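Try each task before you read its solution.

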Amino acid sequence: MNPQTILIYDGSFDGFLSCIFLIYDQKIIDPTIRKASQTNNQMFTLTKEVITEEHKARRVWKGFKEKTNAAQQRDFFKVFLSEIKGVENTLLKYMKHIFAKRYSLSTDFSNKDVLKINQVAQMVQREKHRMEAFIRFRLTNDDLYVATVTPDFNVLPLIAHHFKDYYTNHKWLLFDTTRKYGIYYDLVSVEIITFDNINTLFSEKIKESGLQELWNTNYKSANITSRKNIKPHLQHLPKQYWKYLIEKSNDS
């Protein structure tokens, strides 16, 4: 019996798509995709470390786009951002179905993978709306608006476009304290940045006001500490994918 092949990747979307490219290129029969941050306690397995290669990732995504619509593509990415353990393998099976079939699977809920994709995408979408509705910024002495969040899912890439449009005349920083990265708008574009401790960076620079107290109340109500906390890891999201993965699928 051939050992199961475990593909280890860096946690990025490019890295995940690079794994799929390798699976098809090397005709791997029984693969499992796993983040490098996750331990492997399985015996009798063959482990391969997959190097993230943008051109291979783009080839996979291009092929997927040719067989799917914009809604399916957005849902696929949302499910990846859920960071649910093992979700990469659900996405892999879903993509295999897409590549193998000539018809759309988007409403075939008798297929367990299609149903799972739909359910998880809806969960991530609800978290996206929650963040857009309740995030409140604090103004620093450097005239930078700052907000910290602890979302259940990695939704910053999904909400960047909303805040860029809403706060178009202000510099702002939205930071995910769980995943230790943020999105920064400099009046021109949105960039990904990382800090180890944002509270230390801005603790002495916050301007307080009566409005601030109201914002703080709303913020606390939206971030309940008893909510589940996904195991932290930095999710690298290549900027080249933003143009069609952040509510902009029609731009590509």
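**Exercise 1.** Which residues does serine 82 touch, not counting residues up to four places away in sequence?

*Solution.* A word on the ground rules comes before the steps. This is a predicted model, in which local features need pLDDT of at least 70 and side-chain atom pairs count only at pLDDT 80 or more, while totals for chains, interfaces and linings use all residues. Residues are numbered from 1 along each chain as its sequence is written, and side-chain values use heavy atoms, with hydrogens and water left out.

Step 1: locate the residue. Serine 82 sits in the loop between α3 (70-81) and α4 (87-100); helices are DSSP runs of H or I with at least four residues, strands are runs of E with at least two, and both are numbered from the N terminus.

Step 2: list the contacts, meaning heavy atoms within 4.5 Å. Serine 82 touches Val87, Val120, Val124 and Phe153.

Step 3: check the accessibility. Serine 82 counts as buried because its relative accessibility is 0%; buried means under 20% relative accessible area, exposed over 50%, and partly exposed in between, with a 1.4 Å probe and protein chains only.

Step 4: look at the side chain and the backbone. A polar atom of the serine 82 side chain lies 2.6 Å from the backbone oxygen of valine 79. Alanine 121 is 39 residues away along the chain, yet its C-alpha atom is 8.0 Å from that of serine 82.

**Exercise 2.** Work out the strand order of the open sheet and find what packs on it.

*Solution.* Step 1: the order is β2-β1-β3, with parallel pairing; two strands pair if DSSP finds at least two bridges between them. β2 (31-35) and β3 (45-49) each have a single partner strand, so one side of each is left without a neighbour in the sheet.

Step 1: follow one pair. β1 (residues 4-9) and β2 are joined in the parallel sense over five bridges, and tyrosine 9 stands opposite lysine 35 in β2.

Step 2: zoom in on asparagine 89, which lies in helix α4. Asparagine 89 touches Pro31, Thr32 and Ile33, leaving aside residues up to four places away in sequence. Asparagine 89 is buried, with a relative accessible area of 18%.

Notes
A polar contact is a pair of N or O atoms within 3.5 Å; within protein, one must be able to donate a hydrogen and the other to accept it, and residues adjacent in sequence count only if both atoms are side-chain atoms.
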